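Biologist: I would like to learn how to read aromatic rings in a model. Please show me with an example.

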Amino acid sequence: MKLHTNTNDVHIVGGGIIGLTLAWRLASEGRNVTIIDRGLMGRGTSWAGAGILPPANFDKASDPIDSLRGLSHQLFSEWTVELESQTRLDPGLRKCGGWYLADSPGEKASMIGLSDYWTELQIEINEVALGELAGREPALASWSKGENSHGAWWVPDEFQLKTRNYIHCIKEACMHQGVRLRENCQVTRVRESQSKPQIMIDNQWHTSEQLILSGGAWLGQFTENFGLEKSLIPVRGQILLLESKEIHCRRIINVGHRYLACRGDGTILVGSCEEEVGFQLGTTEHVRQDLLAFAHNLIPELQNARTLDFWSGLRPMTFDGFPMIGRIPHTVNTYIACGHFRSGLHLSTGTASVLTDLLQGRVPIIDLEPFRVGKQIT
């Protein structure tokens, strides 16, 4: 095997939103960064995301995930201003607020529990009587009178992000900071030799000072040296994009794990599903009809909507539901940021912040022990 001896300061394997955000933050601190992706930057699972950022409060969080979510939520407001300043592009962040609806007694009980929990975290959530819902959100007038309508809650601090705008913006910011982007480049193996991380590309080993693995659901396909080949489960999600000039809603409407993300420009995202089908991308007629039925039940006027697009993505799920963030066991300079499941976009800023601190020799603001890689390896 050939060894490519020109070392690079930091290699990042995986050019999704987490890898791009990490590259941008590290480069902004003067690091020499190369980011490598098996396809086009940001065009995998990140490209498929709906861009829903639910509320969070870092100052009051005690649960590790809530702490990471709270930090991320806080940083989005700060970093999008910085991104826009650097690139002169609109990152697409909008504080739109969100509706949380209960369509069964069980879902109502779940929402009451969530409402109590968010209130403890000082996150504003207000129950709205069904008789008042139509006046507050005309698009939900029909749903509010249905026999399966059991409750509605308004959450003002929910954000919506135009995912593809944001990815384009942060990619531009990376280039502005001098990040080297290597697209359509397949990493086939990784290892660490004498504290130096190495990745194999086209049968050549490339050495760096530090290495971050953020390869999403495909991470296990080239990390058998680190025992990570079974650490992630790919879970497929499918999303519809509709267009309707009749609907003027600008909010996010959440029902359990499903949603309508109304963008205010006549387009509406409808999602999603969770399918364990291995690494099989693609959409199915069954799920399309199911998502359409869900949308029509919430807003009957959407029966006249036009379908603009329909796509899928593979979310990386860990066995305990916690993302893996930190140094890989038995290595010195190899790190991981992966397994964020449905929250990769939302948690990207917090993940980039704490991992940048770690690589720069600072103590992260969040304790990373709950996200320790070793406990995930089986």
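Biologist: Is Phe279 buried, exposed or partly exposed?

Modeller: Buried means under 20% relative accessible area, exposed over 50%, and partly exposed in between, with a 1.4 Å probe and protein chains only. Phe279 has a relative accessible area of 39%, so Phe279 is partly exposed. Trp218, at 14% relative accessibility, counts as buried. This is a predicted model, where local features need pLDDT of at least 70, side-chain atom pairs count only at pLDDT 80 or more, and totals for chains, interfaces and linings use all residues. Residues are numbered from 1 along each chain as its sequence is written, and side-chain values use heavy atoms, leaving out hydrogens and water.

Biologist: How is a pair of aromatic rings described?

Modeller: By the distance of the centres and the angle of the planes. Rings of Phe, Tyr and Trp (its six-membered ring) pair if their centres lie within 6.5 Å; planes under 30 degrees apart are stacked, over 60 edge-to-face, and the rest tilted. The whole structure has 6 aromatic pairs. In one of them, the centres of Trp99 and Trp154 are 5.0 Å apart and the planes are at 50 degrees, so this pair is tilted.

Biologist: Where do Trp99 and Trp154 lie?

Modeller: Strands (E, at least two residues) and helices (H or I, at least four) are DSSP runs, numbered from the N terminus. Trp99 is in strand β5 (residues 98-102) and Trp154 in strand β7 (residues 151-155), so the pair ties together parts 55 residues apart in sequence. Both Trp99 and Trp154 are buried.

Biologist: What about the rings of Trp218 and Phe279?

Modeller: Their centres are 6.1 Å apart with planes at 40 degrees, so the pair is tilted.
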